[in-house]
Amino acid sequence: MRTRNLGQLQVSEIGLGCMGMSMAYGEAGDPKEMTKVIYKAVEQGVTLFDTAEVYGPFTNEELVGKALAPFRKKVVIATKFGFKFEGDRVAGLCSRPENIRKAVEGSLKRLETDYIDLLYQHRVDPEVPIEEVAGTVKELIAEGKVLYFGLSEAGVEVIRRANAVQPVSALQSEYSLWWREPEAEILPLLKELGIGFVPFSPLGKGFLTGTIDPETLFPANDFRSTVPRFQKEAMEANQVLVELLRRLASQKEATPAQLALAWVLHQGENIVPIPGTRHIGRLTENNGAADIHFSSEELERIREALQSIQIVGHRYNEASQKMINR
């Protein structure tokens, strides 16, 4: 596995998003089986592992921390703060300094470590100036509890203001063949400032693997059951993108998932996607995307093909969309 830089932080060019091991996609995975997936990821050269206190809540950090303890010095653990809780129930956004410190202390304990490699603000809190947030993380870096600072789903102005207080190493936001909004303003800004980009859901929450069709039914505890883009009519309309992926993948002797991930990797040397999975076979498939290469002519043909495809459906339900404050 080759490496890339998120600011000054060097990581594998493909990371592993761990959220789905504990939540969001139906019942949580079996911890022993999920640990095997994490072990195999390390074996295959993955060094960036992504989690957050809100995943579970709390249980995903515990899983990741325990699994990575034997490899702690060889891996990069990214986690996030930004919510308040009532017990284990999320009770809204909160990035006040005292809550950031509380979150970090909890994360350190659950991750079984004395430092966090990359600490993200999970969502921008409109009630707390970003300068105050960045200043608190700067203090935590000075104390050795955090090494690098990141933002998630932040907009251009927020990124600039935060970076002026404490250099931002990475921005995490959704980006894939069916969500290209970051291309307009975010990607040029990150290149200008030397900030890395960590796309989550680079496989479109599973849709771009080609294994989901309009007849797919999601259980109530799978968050996709409430996402407009995963309603039957939207999935029917969006199959045109999957068919394009299948054709392109066939030409490369690859799978649709590998083609989709390879395309993301080709959008910039500062981009490190974090596909998630519960299965070793899928992990191996995803990591194989790093070996797929496109010529500039091939990338231009893909760009032209995408221009004729109109994606149907919002990427979030209303409640989740309200938490994005750019």
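Visitor: Which element gives the largest share of the lining of the second largest pocket?

Guide: Helix α3 does, with 5 residues. Before we go on, this is a predicted model, in which local features need pLDDT of at least 70 and side-chain atom pairs count only at pLDDT 80 or more, while totals for chains, interfaces and linings use all residues. Residues are numbered from 1 along each chain as its sequence is written, and side-chain values use heavy atoms, with hydrogens and water left out.

The pocket (an open set of 1 Å grid points where a 1.4 Å probe fits, with protein on both sides within 12 Å along at least five of seven lines) is lined by residues with an atom within 4 Å of a point. These are E53, F58, F83, K84, F85, N99, K102, A103, G106 and R110. Two elements each give two or more residues to this lining: β6 (83-86) and α3. The volume, counted as the space filled by probe spheres set on the points, is about 170 Å³.

Now follow α3 itself, residues 97-110. Helices (H or I, at least four residues) and strands (E, at least two) are DSSP runs numbered from the N terminus. The helix lies across β5 and β8, and runs at about 140° to β8; contact means heavy atoms within 4.5 Å, and the angle, on a scale from 0 to 180 degrees, is taken between N-to-C directions of axes fitted to C-alpha atoms.

Strands pair if DSSP finds at least two bridges between them. On one hand, β5 (residues 76-81) joins β8 in parallel through 4 bridges, with F81 partnered by Q121. On the other, β8 and β9 (residues 146-152) are parallel over 5 bridges, and L119 stands opposite F149.

Stepping back, β8 belongs to an open, parallel sheet of 7 strands, ordered β3-β4-β5-β8-β9-β10-β11. At the edges, β3 and β11 (196-200) each have a single partner strand, so one side of each lacks a neighbour in the sheet.
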